[in-house]
Amino acid sequence: MKSIHVIAPGLLTTVQDLGREGYGPMGVSRSGAADALSLRLGNQLVGNAEGTTALEMTLLGGTFAFPEGAVIALAGSDFGATLDGEAVPLYTTVRVREGQTLQLGSTRSGARCYLCVQGGIQVKPFLGSGSTHLLSGLGGFDGRPLRKGDVLQIRHAAGSVRARRLSPKVLKQLVPRKVLRTTPGPQSDWFSKSSIDAFCENIYRVGEKSDRMGIRLEGQAVISKREGDMISEGVSNGAVQIPPGGTPIILFVEQQTTGGYPKIANVISADFGSLGQLRPRDEIRFEQVGWNKARALLLEQEQLLSTKCLVVE
Amino acid sequence: MATPAAGSVKFQNASDQSLLISFGDSFSLRAHEKVRKLLRLLELEPVPGIRDLHPGYCSVLIRFDALQLRHDKLKSLLQKLLHHLKSVALPRPRLVEIPVCYGEEFGPDLPEVCALHDLTAEQAIQLHSSKTYLVYFLGFVPGFAYLGGLPKELVTPRLSAPRTKVPPGSVGIAGNQTGVYPFATPGGWRLIGHTPAVMFREGTSLLAIGDRVRFVPISRERFAELECA
């Protein structure tokens, strides 16, 4: 069986897929890749099903040896990857020969880079998914980020993969956004019109304490016009909640399933991938769109992701 | 005339792929029962396109595949289903006993809770362990059960500054709720004890929505025995 040897793990590298669904009644949220778009594209390039397990690297990538070789693709942000010293392009099928070493560095663009391998990373599924849930230490590779010395098994994959790369035109349309589009949240009416206007005009900075559970924003506070607590209710991925201090938190892939803070808005599904590429200190803004527009944008994105967007080299 | 079940239901678009259905805006046993029945109904008659359910005290957030379903369509499907809500049979509630070692290093906030309510530690422990609680729902993190019905004498606001890390097994109170932290998470509930019971293991939660729970006081020695078991 082929394997990946972790020579250096990087800052925070975990095994992820598209997450688990249907366990909300037990308090288990979806988890999965922070930038699912990149994961899906990377998997397509190595001939995998879109939701196959891959490595998610954060801000600083790792160094990985491939004693038996492999077919890989890197997707997401540019971490300056080299294979035995030679630059490796993003969004391209790459054949790694036996004994070669892939080295990644600090990000040159967004927060996350995905290393997809033909066959996928072999882990024991937990509640139907191979994704790591860091907070509870469940799923993925022993429920934890990778460490130096870890050896990952690559699932056997039959057949050969055509070398392909992503069309630059498509890639251009999928560039992560800093203006995040939102629909109204279930407690939008807890905020005055002027608060909501301010919320859309303010520039927010991504806080250092942001993680896979939530993206904590810094900037001008938004104050609710209602006093008192609300009753805890289910919350959705991308919900923008306003805690008592007034600085928004965007609930993210490893989100809590329920919460008691009012939600002023919700980031649209088509912009979830962009959330996964936000780095601490990035500046962002919100822009409200209607329900139909949100849906149209998602459909458009799904169309782009259809296999036609991959061009044969 | 609208049936009471249909009359008190509110639908809200929570995101472009979720719908929030509420059975009132305060905790009540009636609303809780409807939440449970809706979960059961959707389990028995799954609606294609529904991906996940996040129950709360009196509501359920329904996450769906936006490529397959739209809010309006889901809403009309649910309205039809709601007519059958009354006839849904719920399984008999289980009674789960959770051993707790109260106070001292096991429950660092117990003295403050006692001081706020002018109670001795024994009285507070007696009050907390004398009630049978209802699991309103599981949420926040895997296996975290929101237990309602804390005795009035113990109703205490959250800590003004939440702890950044609460040890797993901590038994806390907040407002009129009580619960056990299954994992090391940040938390603002006041910690009065600790249980050796494991709340979430191998993908299974010790507690489920609708269960009844009693806390059983145990000694430090018994805690050590159970923790090693």
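## Before you start

This is a predicted model, in which local features need pLDDT of at least 70, side-chain atom pairs count only at pLDDT 80 or more, and totals for chains, interfaces and linings use all residues. Residues are numbered from 1 along each chain as its sequence is written, while chains are lettered from A and ligands numbered from 1 in the order in which they are written.

## The sheet of chain A

Let us begin with chain A, where five strands form an open sheet in the order E2-E3-E10-E5-E8, with antiparallel pairing. Helices (H or I, at least four residues) and strands (E, at least two) are DSSP runs, numbered from the N terminus; two strands pair if DSSP finds at least two bridges between them. Strand E2 (14-16) and strand E8 (94-96) of chain A are at the edges and have a single partner strand each, so one side of each has no neighbour in the sheet. On average, and ignoring direction, neighbouring strands of this sheet are turned by 35° against each other.

Three bridges link strand E5 (residues 70-76) of chain A with E8(A) in the antiparallel sense. Here A:Ile72 is found opposite A:Val94 in E8(A). Helix H1 (residues 36-45) of chain A packs on the sheet and touches E2, strand E3 (54-58), E5 and strand E10 (112-117) of chain A. The direction of H1 makes about 155° with that of E5(A); axes are lines fitted to C-alpha atoms, for helices over the stretch in contact, and angles run from 0 to 180 degrees between N-to-C directions.

## The two domains of chain B

Chain B has a domain 1 (4-87) and a domain 2 (95-228), with bounds that come from an automatic or database domain assignment. The C-alpha centres of these two domains of chain B are 30 Å apart.

Where they meet, nine residues of domain 1 of chain B are in contact with six residues of domain 2 of chain B (contact: C-beta atoms, placed from the backbone, within 7 Å). Helix H2 (29-44) and strand E3 (50-55) of chain B are the elements that give two or more residues to the domain 1 side. H2(B) gives the most, with four residues.

## Paired strands in chain B

Strand E6 (residues 133-138) and strand E7 (residues 145-148) of chain B run antiparallel and are joined by four bridges. B:Val135 has B:Leu147 in E7(B) as its bridge partner. The hairpin of E6(B) and E7(B) has six residues between the strands, and B:Phe140 in this hairpin takes a positive phi near 70°.

E7(B) is also joined by two bridges to strand E10 (residues 177-180) of chain B, again antiparallel. There, B:Gly148 is opposite B:Gln177 in E10(B).

Key:
Contact = placed C-beta atoms within 7 Å.
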